[in-house]
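The entries below follow the order in which I looked things up.

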Amino acid sequence: MAIEPGHFVAVIGPTGCGKSTVLNSIAGLLTPTEGEVRIDGSLLHGINRQASYMFQQDALLPWKTMIENIALGLGYKGVARGERTGKSRAWSARARRNNFEQRCPAPPAGGRTKRGA
């Protein structure tokens, strides 16, 4: 499979056909048992830092506030605390979740955890 820059791709199929395996391989979370993953022509070794990935399972940390959960990825990338807080607040505002920034996640109810509250 080859995906051209700027294109959107949907991976669909029945349960158990390997959709998650393909996505995990592209993200660098799994090493393919056959074939290879190349990003811009280079063989992928480890985590694909050029890709964003949303897990199928909710992955909020219940001991962190919503804004801390949003900022988590930026922290792993080494973004300074002030900058990641500012960017996280901007994303919170875009999703109209500003009133929930200091809340910790409640037990999940449907798609609420995808929105952060």
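Before looking at pockets I wrote down the terms: on a 1 Å grid over the protein atoms alone, a cavity is a set of points where a 1.4 Å probe fits but cannot get out, and a pocket is an open set with protein on both sides within 12 Å along at least five of seven lines. Lining residues have an atom within 4 Å of a point.

Sources. I noted that this is a predicted model, in which local features need pLDDT of at least 70, side-chain atom pairs count only at pLDDT 80 or more, and totals for chains, interfaces and linings use all residues. Residues are numbered from 1 along each chain as its sequence is written, and side-chain values use heavy atoms, with hydrogens and water left out.

Second largest pocket. I found 31 lining residues here, with Met1, Ile3, Ile26, Ile39 and Asn48 nearest the centre. Its volume is about 1,100 Å³, where a volume is the space filled by probe spheres set on the points, and points are joined across faces, edges and corners. I sorted the lining into 18 nonpolar, eight polar and five charged residues. In that sorting, Ala, Val, Leu, Ile, Met, Phe, Trp, Tyr, Cys and Pro are nonpolar, Asp, Glu, Lys and Arg are charged, and the others, Gly among them, are polar. Both α1 (19–27) and β1 (38–39) supply at least two residues of this lining, and α1 gives the most, with six residues.

Overall layout. I took helices (H or I, at least four residues) and strands (E, at least two) as DSSP runs, numbered from the N terminus. The protein has four helices and two strands, in the order α-β-β-α-α-α along the sequence. Of its 117 residues, 20% count as buried; buried means under 20% relative accessible area, exposed over 50% and partly exposed in between, with a 1.4 Å probe and protein chains only.

Helices α2 and α3. In α2 (residues 66–76), I listed Met66, Ile67, Asn69 and Ala71 as buried. How do the axes of α2 and α3 cross? They come within 9 Å and cross at roughly 125°, with α3 covering residues 81–94. Axes are lines fitted to C-alpha atoms, for helices over the stretch in contact, and angles run from 0 to 180 degrees between N-to-C directions. Angles under 35 degrees count as roughly parallel, over 145 as roughly antiparallel, 65 to 115 as roughly perpendicular and the rest as oblique. The two helices, α2 and α3, are therefore oblique to each other.

Loop residues. Asp40 sits in the loop between β1 and β2 (42–43) and is exposed at 68% relative accessibility. I noted a positive phi of about 50° for Asp40, which is not a glycine. Most residues other than glycine have a negative phi.

I then looked between α3 and α4 (112–115), where Asn98 lies in the loop. Asn98 is partly exposed, with a relative accessible area of 41%, and its C-alpha is 9.0 Å from that of Ile67, 31 residues apart in sequence. Arg103 is also in the loop between α3 and α4 and is partly exposed at 48% relative accessibility.
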